[in-house]
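Subject: Handover of a structure and the findings on it

Dear colleague,

Please find below the structure that I am handing over to you. I would be grateful if you would look at it before reading the notes that come after it.

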Amino acid sequence: ISGAEDAGEVIADLLRVSTTIKEIDLSYCDIREGFEIPVIPAIHANHSLEIFRLKDSSLPEKTVSAIVNATSLNEQGALKSLVNELALDTAEQTEINSTGAGYNDNNIVELFTALKTNTRVKKVDLSG
């Protein structure tokens, strides 16, 4: 892959078609500014991504913040979808692991209210 936009386009394409990817870790990668242009809209379109790590990625702080912000908004959408699945008892997972998601009181109330009727989930980890 040559160039920031090319790398961004490849990851954006993945995010647009994947319904299962939950985490992308590009820590310590030499990523240039411009990478975020195609990636941020793709994060918004994807409903499975929960974590996008960019530690020491050589991107400017404002770019990292924009990507983290988009992922955080995406996590809220993923939470709503998960809450609906849990309430209907159609979620196939037996563990919920959203460490570092930074849920607020309302999110936690929604999640645990939905879990009241769920018979499949055995473990919930929302630690920061």
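The notes below go from the overall fold to the core, the contacts and the surface.

Please bear in mind throughout that this is a predicted model.

Overall architecture

The chain has 128 residues, of which 38% count as buried. Its secondary structure consists of four helices and four strands. Read from the N terminus, these elements follow the order α-β-α-β-α-β-α-β. Where contacts join residues at least 6 apart in sequence, 78% of them are between residues at least 24 apart. The chain exposes about 7500 Å², and 52% of this area is supplied by carbon and sulfur atoms.

The nonpolar core

The largest nonpolar core comprises 19 residues, and L15, F35 and F52 have the most contacts inside it. Two or more residues are given to this core by each of the elements α1 (4-17), α2 (36-45) and α3 (61-87). Helix α2 provides the largest share, with four residues.

The structure holds one aromatic pair. In general, a pair of aromatic rings is described by the distance of the centres and the angle of the planes. The ring centres of F35 and F52 are 6.5 Å apart and the planes stand at 80 degrees; the pair is therefore edge-to-face, as the angle is over 60 degrees. F35 belongs to the loop between β1 (23-25) and α2, while F52 sits in strand β2 (residues 51-53), so the pair ties together parts that are 17 residues apart in sequence. F35 is buried because its relative accessibility is 1%, and F52 is buried with a relative accessible area of 7%.

Helix α2 also contains I40. With a relative accessibility of 18%, I40 counts as buried, since the cut-off is under 20%. Leaving aside residues up to four places away in sequence, I40 touches A66, I67 and A70. I40 and I67 are 27 residues apart in sequence, yet the C-alpha atoms of the two are 6.1 Å apart in space.

Salt bridges

The structure holds four salt bridges. E9, D13 and R16 are linked in a network of such bridges. Between E9 and R16, the closest N and O atoms are 3.8 Å apart; between D13 and R16, the corresponding distance is 3.7 Å. D13 and R16 are three residues apart in helix α1, so about one helical turn separates them.

A surface patch

On the surface, I108, F112 and V124 form a nonpolar patch whose accessible area is about 210 Å² together. I108 is placed in helix α4 (residues 105-115) and counts as partly exposed, at 32% relative accessibility.

Yours sincerely

Key: Residues numbered from 1 in each chain as written. Predicted model: local features only at pLDDT ≥ 70, side-chain atom pairs only at ≥ 80, totals over all residues. Heavy atoms only, no water. Core = buried A, V, L, I, M, F, W, Y, C linked by side-chain atoms within 4.5 Å. Buried < 20%, exposed > 50% of the residue type's maximum accessible area, 1.4 Å probe, protein only. Contact = heavy atoms within 4.5 Å. Areas by Shrake-Rupley, 256 points an atom, 1.4 Å probe, with all protein chains shown as cover. Phe/Tyr/Trp six-rings, centres within 6.5 Å; stacked < 30°, edge-to-face > 60°. Patch = residues over 30% accessible without salt bridge, like charges linked within 9 Å, V, L, I, M, F, W, Y side chains within 5 Å. Salt bridge = Lys/Arg side-chain N within 4 Å of Asp/Glu carboxyl O.
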